[in-house]
Each structure stands twice: as structure tokens, then as C-alpha cells.
Amino acid sequence: MVGIKTINWFRIRSVEQPPRFDPGVWKLTVEGLVDSPLVITYDELLALESEEQVSDFHCVEGWSVDAVKWKGIRLKVLFNKTGLKPEAAFVTFYSASGLYSDSLSLNEVVEPQVMLAYMLNDELLPQVQGRPLRLVMPRMFGYKSVKWVNRITLTQTQEVGYWERAGYNIDGVSYP
Ligand SMILES: Nc1nc2c(c(=O)[nH]1)N[C@H]1C(S)=C(S)[C@@H](COP(=O)(O)O)O[C@H]1N2
Ligand SMILES: [Mo]
């Protein structure tokens, strides 16, 4: 398609410049309503128990990518390390840019096809597609799949994400 930048058949959609990624400095933080906050390095992330899946991707604009192969970690792997306080009910994913975020309920985040992915079609995520880590939530529209995730917080009420402040549905499945 002329004039539309595609990679891995995705149309690149970013409201911010890809944040710089330095594997020696990068950290992922899990905090909020957890028993013990967690900070892990990039090497530690790659050493966590990982899984692969093939799932479709849908953008609210009406384009989809079929059969995307992802590799990454399930959220449970992180939560098993941090423990969760009984009041924890929602999970927010923040981009390293500080500009973009979105959230899921704790139930949604442990659905079978939800993961934090670091590989796409057998390669490390391209920088514009979230390197080193992005959320994958195939059941919901693409705006839920936060790129460049480096901070995850557990809260009692749901945080409203970037596109939801602009009117998109917080449930991520129906048109605004
Ligand atoms: N950090 C960040 N994550 C983001 C976005 C963004 O602007 N910033 N856009 C979202 C939207 S609307 C879509 S459709 C997908 C697009 O993913 P892609 O750029 O890999 O095609 O990323 C989502 N995640
Ligand atoms: Mo999107």
C-alpha cells in the first residue's frame, strides 16, 4: 500500500518516538498493590519462563494481521514473583516514553493469549514495534497492546489509557 509504512504487515501506529533502548540500562518495574515490588533487567527478562503463540492482531481502524507469532512471558510469571495484594484488580502498562499507557483487569491479563512479548515472527521486536517489550492482547483492539512497556502497576480501580481518554472503549472490543 502506497504511503503507509508497514513492518511484519503491521501499520506502525505510535503517538511517540520510539524510546531509546539500551539493554545494559533497561529495567522492567512491577509495583503498586503487590507484596514485593520487582525490578528486572533485560537479561533477567529473557531468562524468565517463556512461551510462544500464534494470534491475530486487529486495529480499531479496521486493519488486521493474521497469524502473528509472538514469544514472551505470561503475566503470571511476574505475579508469582511479586505476589498480589487482595485489593489488586487492574493492571496498567506504561510505555517508557511516559506518554502512552493502557490497562486490563486482572482477569483479562491472565487470559490464555495475553503476554508480554519480546519476539515477533522469530525476531526481536523491531524498535518501532515496541523493543524490547510490548503487551499482546489479541481479543482486544491494538490500542490495548502497549509498546515499549517498562512499568506495570497494580491498582484497585482501572486507569484510563491514552486512546480511551480520546473516546475509545476501555473494554477494547467494541467501537466507540
Ligand atoms: N507506546 C505505544 N504503544 C502503542 C501505541 C502507541 O502509540 N504508543 N499505539 C497502539 C495502537 S493504536 C496500535 S494499533 C498498535 C500498533 O502496533 P504496531 O505499531 O506494531 O502496528 O500499537 C498500540 N500500542
Ligand atoms: Mo490502533
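Which atom of ligand 1 does a backbone N or O atom of Val15 approach, and at what distance?

Modeller: The model is predicted, and what follows should be read with that in mind. A backbone N or O atom of Val15 lies 2.8 Å from an oxygen atom of ligand 1. Ser145 contributes through its backbone, where a polar atom is 2.8 Å from a nitrogen atom of ligand 1. Considered alone, ligand 1 exposes 530 Å², and 98% of that is buried by the protein.

The wider surroundings complete this picture. Ligand 1 sits in the largest pocket. There are 21 residues around the ligand, and those that come nearest are Arg11, Val15, Glu16, Gln129 and Lys147. Sorted by class, the shell consists of 11 nonpolar, five polar and five charged residues.

Over the whole structure, a search finds 12 aromatic pairs. One of them joins Tyr100 and Tyr162, which are stacked, with 5.3 Å from centre to centre and 20° between the planes. Tyr100 belongs to the loop between strand 7 (90-95) and strand 8 (101-105), whereas Tyr162 is in helix 4 (residues 162-165), so this pair ties together parts that are 62 residues apart in sequence.

Two backbone details also deserve mention. The peptide bond leading from Arg131 to Pro132 is cis, its omega being near 10°; Pro132 is placed in the loop between strand 10 (123-124) and strand 11 (134-136). Trp9, a residue other than glycine, has a positive phi, near 70°, and is located in the loop between strand 1 (6-7) and strand 2 (10-11).

Definitions and conventions: Residues numbered from 1 in each chain as written. Chains lettered and ligands numbered in written order. Predicted model: local features only at pLDDT ≥ 70, side-chain atom pairs only at ≥ 80, totals over all residues. Heavy atoms only, no water. Near = heavy atom within 4 Å. Polar contact = N/O pair within 3.5 Å; in protein donor to acceptor, adjacent residues only side chain to side chain. Areas by Shrake-Rupley, 256 points an atom, 1.4 Å probe, with all protein chains shown as cover. 1 Å grid on protein atoms, 1.4 Å probe; cavity = no way out; pocket = protein on both sides within 12 Å on 5 of 7 lines; lining within 4 Å. Sits in = over half its atoms within 2 Å of the grid points. Nonpolar A, V, L, I, M, F, W, Y, C, P; charged D, E, K, R; others polar. Phe/Tyr/Trp six-rings, centres within 6.5 Å; stacked < 30°, edge-to-face > 60°. Helix = DSSP H or I, 4+ residues; strand = E, 2+ residues; numbered from the N terminus.
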